[in-house]
Amino acid sequence: MNKKYNAIITGVGMYVPPKVLDNKYFEQYLDTNDEWIVTRTGIKERRILENGATSDLAAGAVKDLLASKNMDPMEIDAIIVATVTPDMFFPATACIVQDKVGAKNAWGFDLSAACSGFLFALRTGASLIESGQYRKVIVVGADKMSAIVDYTDRNTCILFGDAASAVLLEPTEEANTGIIDSILRVDGTGQEALYMKGGGSLNPPSHQTVDNKMHFIYQDGKAVFKVAVVGMADVSAEIMEKNGLTGEDVAFLVPHQANLRIIDATAQRMGVTREKVMINIDKYGNTTAATIPLCLTEYYRAGKVKKGDNLILAAFGAGFTWGSIYLKWAID
Ligand code: COA
């Protein structure tokens with residue numbers, strides 16, 4: 001497709017709450033241990049938001065981004081918040097973030113695609129830029145997973161954490177840069193492998209839904225593991241082939257951080273070595289929509305990502321949803 005404008009990432013920001021839960025914490029009351037968690041998942045600790053909501057995480061990330069660019073919030077045209085833990089069903093968390101950061105000229109909306117949420121939102125935000133109608137679009141991945149995790153379920157509680165991270169998209173007329181290509185998929189036949197069954201229109205909140213713990217995440221870990229490996233590896237390999245890229249051409253694979261073993265399997269399939277994989281799951285666990293921008297922010301700020309680098313972003317999540325985005329980093 002010939003486009004007049006390409007969408008490039010021109011800024012990043014993040015917020016993680018200060019409270020740390022390490023693996024030892026779970027040893028105190030659950031039949032689990034640090035060694036099992038580290039070897040099976042790669043997670044050593046995660047962050048928990050003690051007071052506040054997803055919008056506080058998201059607003060923290062947006063404010064960090066604005067401060068790093070010395071940018072006035074009035075310049076923001078649109079805010080897209082990818083989340084499965086919105087503050088409320090409505091209004092959209094994007095509206096609350098808009099208010100908290102003072103982005104008086106922005107419109108916005110939430111997008112629900114679980115762990116693939118950031119990729120779906122990034123593609124959507126890029127389309128707003130490519131249309132030529134908007135010039136400054138903020139895409140946030142934010143989740144307060146601690147709000148929907150059952151801390152008595154050892155299968156899930158060790159996996160998740162709270163965080164938010166944001167990127168700023170702007171247009172360029174330069175070709176072959178920024179968000180170059182994407183392959184995004186959904187398959188609703190996987191809906192019961194990973195879901196929160198209660199609280200929506202199917203099972204409105206009642207004493208019974210609460211008693212049956214339907215407001216917590218349920219996951220069939222083994223089933224998700226298998227399809228996640230295949231799904232992430234397939235789309236990543238496909239997008240590389242489609243764009244004539246080999247493992248050598250890729251500066252970094254930026255995978256969703258759900259399990260280090262899934263990340264390793266994806267990298268192997270792409271022919272990408274470990275040094276070229278962004279990893280911070282050890283510090284934050286699975287923060288759902290926040291994992292990918294959190295990696296981008298940390299690696300960019302550490303000076304590891306350079307202008308012109310080819311990045312392959314890859315995610316898999318509830319729905320099922322999955323996908324891959326090929327982007328060329330556009331700023332120094
Ligand atoms: N500590 C100790 N043992 C645990 C445990 C824990 N925290 N959690 C589960 N176990 C036990 C299980 O009960 C099971 O015991 P059993 O054999 O007596 O039944 C055993 O460990 C093996 O369970 P299994 O589910 O096979 O472990 P696993 O190696 O598949 O790891 C996950 C479990 C959840 C870490 C893994 O399946 C996974 O990462 N799945 C996908 C997660 C994911 O990507 N989710 C989100 C997509 S965004």
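Q: At what distance from a nitrogen atom of the ligand does a polar side-chain atom of Q219 lie?
A: A polar contact is a pair of N or O atoms within 3.5 Å; within protein, one atom must be able to donate a hydrogen and the other to accept it, and residues adjacent in sequence count only if both atoms are side-chain atoms. Here, a polar side-chain atom of Q219 and a nitrogen atom of the ligand are 2.7 Å apart. This is a predicted model, in which local features need pLDDT of at least 70 and side-chain atom pairs count only at pLDDT 80 or more, while totals for chains, interfaces and linings use all residues. Residues are numbered from 1 along each chain as its sequence is written, and side-chain values use heavy atoms, with hydrogens and water left out.

Q: What are the distances from the side chains of R154 and R261 to an oxygen atom of the ligand?
A: For R154, an N or O atom of the side chain is 2.9 Å from a ligand oxygen atom. For R261, a polar side-chain atom lies 3.1 Å from an oxygen atom of the ligand. The protein covers 75% of the 950 Å² of accessible area that the ligand has on its own; such areas come from the Shrake-Rupley method with a 1.4 Å probe, and for residues only the protein chains shown count as cover.

Q: Which of the residues around the ligand come nearest?
A: A residue is near a molecule or strand if one of its heavy atoms lies within 4 Å of it. Around this ligand there are 23 residues, and T32, R40, C115, Q219 and N259 come nearest.

Q: How many residues of each class does the shell around the ligand have?
A: In this classification, Ala, Val, Leu, Ile, Met, Phe, Trp, Tyr, Cys and Pro are nonpolar, Asp, Glu, Lys and Arg are charged, and the others, Gly among them, are polar. The shell has 9 nonpolar, 9 polar and 5 charged residues.

Q: And which helix or strand gives the largest share of that shell?
A: Helices (H or I, at least four residues) and strands (E, at least two) are DSSP runs, numbered from the N terminus. Helix α8 gives the largest share, 4 residues. Elements that each supply at least two shell residues are α2 (34–41), α6 (154–157), α8 (221–242), α9 (260–270) and β12 (310–317). Domain 1 (6–176) and domain 2 (179–328) each give at least three shell residues; these bounds come from an automatic or database domain assignment.

Q: Which residues touch the most other members of the largest nonpolar core?
A: In soluble globular proteins, nonpolar side chains tend to be buried together. A nonpolar core is a set of buried Ala, Val, Leu, Ile, Met, Phe, Trp, Tyr and Cys residues joined through side-chain atoms within 4.5 Å. Buried means under 20% relative accessible area, exposed over 50%, and partly exposed in between (1.4 Å probe, protein chains only). The largest core here has 43 residues, of which I217, M240, L253 and I312 touch the most other members. At least two residues of this core come from each of α8, α9, β12 and β13 (321–328), with α8 giving the most, 7 residues. Both domain 1 (6–176) and domain 2 (179–328) contribute at least three residues to this core.

Q: What is the phi of N70 and of N176?
A: N70 is not a glycine, yet its phi is positive, near 55°. N70 lies in the loop between α3 (54–69) and β4, and counts as exposed because its relative accessible area is 73%. N176, also not a glycine, has a positive phi of about 55°. N176 is in the loop between β7 (162–172) and β8 (178–186) and is exposed, at 51% relative accessible area.

Q: Is T54 buried or exposed?
A: T54, in helix α3, counts as buried because its relative accessibility is 2%. The T54 side chain reaches the backbone nitrogen of K144 at 3.3 Å.
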